[in-house]
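This briefing walks through a few features of one protein chain, grouped by topic. Please keep the sequence and the 3D view open while reading.

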Amino acid sequence: MAKSKLIRDIISDNSSLIQVFERLLIIAMELEDENLQKWVKQELNGYSADDNLPDYRIVGRKAVGNYQIVGGGFLQTYKNHVLPTLGFDDETRKALENAQVRDSISELIEAVNLMKKGKQVGQPIPPEWFSLFEKGTNICVTSGTLVCSEFSYNNILQRTKTRLIEVLTLLEKNFGNLDEIDIDSRNYDEKEIDALKAAVSQVLNGNHASNTYYISNSKIKNSNIGEDNKNEKSFTTELSYHSENKDKSKSKIGSILKKIFKVRG
């Protein structure tokens, strides 16, 4: 079971993803872990067009729109129907059907809340694309939107949460409770910190770390900071006895043992 309230709260949904990411950003900065800092900032602020997206942020989507069909002297209007993609080549269709979701965590959460209220969330389709949807059909597109499902957005949030828990659990196993501790990488062996950073990067890439313990004894060197962390001192005391005192000690010990075990002399 997790020791850190930080982890327990996110598992039980008692703390927002944003709050946990903000705490993790502080830890990442204290560790001087640039990869972890970058991931946290991207999730909090959104991914730019030049950023490589994690696999969990590439989801399916569909083109939905309004169009009209003229036939037999009648005009039929269809609203919020899936638009045909017969006019697209395979590469364009693939790009159309796979969304790269670059929104921040807060924007994703807001989008899900809007979807729950029945509102449509998506990217408007430019009018110059309408002819591609009309190609090979007898429809006339009047508007369109590229939309992801509520399930897809929730899946992004859940997988983000899972990766967040994996990172926090890995850090907790090496540093102990994360709620109060201030991690100063200068107090640790540089090679151990580098190995831990590499393990965190593996988790961020969707892989499992080969080992969960990288920091020796999970303690800060020469410090009282941290769980079960203390400076230990050893003392050596020399005792000397006179011979008569030794005999008296033996007799006292013997009588005590007899009383304990009820040995009759």
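This is a predicted model: local features need pLDDT of at least 70, side-chain atom pairs count only at pLDDT 80 or more; totals for chains, interfaces and linings use all residues.

Helix α3 supplies four residues to the lining of the largest pocket, and this is the largest share.

**The largest pocket**

- The space in the largest pocket comes to about 340 Å³, and of the 14 residues that line this pocket, W39, Q42, N52, L204 and N205 are the closest to its centre.
- Two helices, α3 (34-45) and α8 (190-204), each supply at least two residues of the lining of the largest pocket.

**Salt bridges**

- Side chains of opposite charge can pair when their charged atoms come close.
- The count of salt bridges in this model is six, and among them is the pair of D9 and K5, whose closest N and O atoms are 2.6 Å apart.
- Both D9 and K5 belong to helix α1 (residues 5-11), where they sit four residues apart, which is about one turn of the helix.
- D9 is buried, because its relative accessible area of 15% falls under the 20% limit, whereas K5, at 46% relative accessibility, counts as partly exposed.
- Another salt bridge joins E43 to R57, with 3.0 Å between the closest N and O atoms; E43 lies in helix α3 and R57 in the loop between α3 and β1 (58-60), so this pair ties together parts that are 14 residues apart in sequence.
- Both E43 and R57 are buried.
- R159 and D55 also meet through their side chains in a salt bridge, at 3.4 Å from N to O, and this pair links distant parts of the chain, since R159 is in helix α7 (residues 150-175) and D55 is in the loop between α3 and β1, 104 residues apart.
- R159 counts as partly exposed at 33% relative accessibility, and D55 is likewise partly exposed, with a relative accessible area of 48%.

**The surroundings of F88**

- F88 is found in the loop that runs between β3 (74-82) and α4 (90-97), and with a relative accessible area of 6% F88 is buried.
- Leaving aside residues up to four places away in sequence, F88 touches R93, L96, L132 and F133.
- Although F88 and L132 are 44 residues apart in sequence, their C-alpha atoms are 6.5 Å apart in space.

Terms used: Residues are numbered from 1 along each chain as its sequence is written. Side-chain values use heavy atoms; hydrogens and water are left out. Buried means under 20% relative accessible area, exposed over 50%, partly exposed in between (1.4 Å probe, protein chains only). Contact means heavy atoms within 4.5 Å. On a 1 Å grid over the protein atoms alone, a cavity is a set of points where a 1.4 Å probe fits but cannot get out, and a pocket is an open set with protein on both sides within 12 Å along at least five of seven lines; lining residues have an atom within 4 Å of a point. Grid points are joined across faces, edges and corners, and a volume is the space filled by probe spheres set on the points. A salt bridge is a side-chain nitrogen of Lys or Arg within 4 Å of a carboxyl oxygen of Asp or Glu.
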